[in-house]
Amino acid sequence: MFVVAMVAGVLMIASGGKHKAPGEKEWPASVQWGYILLLAGFFGVLSNWMSFSAVMLVIVLITGFGWALDRFYLARRRAPGEEPGHVIDNAKGFFPIILVVFLLRAFVVEPFQIPSSSMRPGLVVGDFILVNKFDYGLRVPVLNKVMVPVGEVARGDVVVFNFPPNPRVDYIKRVIGLPGDTVEYRNKRLTINGQSVPDVDDGTYEYLEQGLAMIRTDQFVEKLPSAPQPRSYKVVTTPDTPVYDPQQVRDFPYRDNCKYEEDGFTCKVPDGHYFMLGDNRDNSLDSRYWGFVSDDLLVGKAFLIWMNFKDFSRIGQKIH
């Protein structure tokens, strides 16, 4: 599909001519739409091999090169009143827009859509959320290494991160274990560093899964020890469901730090890593299955629901 978009874009650009119509300030619509299709197709093709941020950076560099080439070289060589060609003209038009979007996503805030039920009841499928990009330090784009320390990850934070087995995919879970912590989850009860995490029965919670099956769960309010104060949030468990599925446990880095038994598991979190769990404890593919999340895979802290087209009442809700 993206290759087709690129080809269609090139054909539309070619059919639009090399010059603007006499007296016109804008390029023909076919040329403008052609460049939009070309850019969209190029973005989609690169996304098969690179992360979103990396693709954005590539496009910023390409359009920025066109802008700089015209600003410091081509513009000085053009005759008075002569217009730049459509390639340079469109690169100059796209560059500031893409640069602003890239900088906002890289250093300030990034949007994310909830794709599954793993974070119910707090986050539901269809929620569009905002992710704070600087809470855990200003990071070098793409490399994601902290260049300016700002804050640290806390237990209980809801975090978006690059999925360790496939970093081009973003996941969202709750931080349960910090570096050095021992996380134990047995009989659907959580223990951290030998201390049981308090939970209070909060009735039941039902939801429709993928529009097919009504799922009934038990709901609890969990109080996780965290600095500067404990974090309270709701979790759900499904009756008569094991605490993990042994067949889904993968071989992952520091796998020897985890011990799996019939009634649960224990994991020692290595330095520079975090242990993540979904709030929907029996319907979440998380650290119990694919391991720990390295600090350089963190995207940011989720803090606000800004849209849900199926339930407007969720707009503006803070993420706890």
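Which residues does Ser-287 touch, not counting residues up to four places away in sequence? Point 1 takes this up. Keep in mind throughout that this is a predicted model.

1. Ser-287 and its contacts. Ser-287 touches Tyr-260, Tyr-274, Phe-275, Met-276 and Phe-292, leaving aside residues up to four places away in sequence. Ser-287 lies in helix 5, residues 287-290. Its relative accessible area is 1%, so Ser-287 is buried, the cut-off being under 20%. A polar atom of the Ser-287 side chain lies 2.8 Å from the backbone oxygen of Gly-291.

2. The annotated pair. The UniProt annotation "active site", from an unreviewed entry, covers Ser-118 and Lys-173.

3. Ser-118. This residue sits in the loop between strand 1 (109-113) and strand 2 (128-132). With a relative accessible area of 5%, Ser-118 is buried. Beyond four places in sequence, Ser-118 touches Ile-172, Lys-173, Gly-278, Asp-279, Asn-280, Asn-283 and Ser-284. Its side chain also makes a polar contact of 3.4 Å with the side chain of Ser-116.

4. Lys-173. Here the setting is a strand: Lys-173 is found in strand 6, residues 170-177. Is Lys-173 buried or exposed? Buried, at 3% relative accessibility. Residues that Lys-173 touches, not counting those up to four places away in sequence, include Asp-157, Phe-161, Met-276, Gly-278, Ser-284 and Asp-286. Ser-118 is also one of the residues touched by Lys-173.

5. The link between the two. The side chains of Lys-173 and Ser-118 are joined by a polar contact of 2.9 Å. Ser-118 therefore has polar side-chain contacts with Lys-173 and with Ser-116, and it is buried at 5%.

6. An open sheet of 7 strands has the order 1-2-17-5-6-15-16, with antiparallel pairing. Strand 1 and strand 16 (293-294) are the edge strands, each pairing on one side only. Strand 6 of this order is the strand that holds Lys-173.

7. Strand 2 and strand 17. These strands run antiparallel, and 5 bridges join strand 2 to strand 17, residues 298-307. Asn-132 has Lys-301 of strand 17 as its bridge partner.

Notes
Residues are numbered from 1 along each chain as its sequence is written. This is a predicted model: local features need pLDDT of at least 70, side-chain atom pairs count only at pLDDT 80 or more; totals for chains, interfaces and linings use all residues. Side-chain values use heavy atoms; hydrogens and water are left out. UniProt positions are given in the numbering used here, feature names are shortened, and annotations may be inferred rather than shown by experiment. Helices (H or I, at least four residues) and strands (E, at least two) are DSSP runs, numbered from the N terminus. Buried means under 20% relative accessible area, exposed over 50%, partly exposed in between (1.4 Å probe, protein chains only). Contact means heavy atoms within 4.5 Å. A polar contact is a pair of N or O atoms within 3.5 Å; within protein, one must be able to donate a hydrogen and the other to accept it, and residues adjacent in sequence count only if both atoms are side-chain atoms. Two strands pair if DSSP finds at least two bridges between them.
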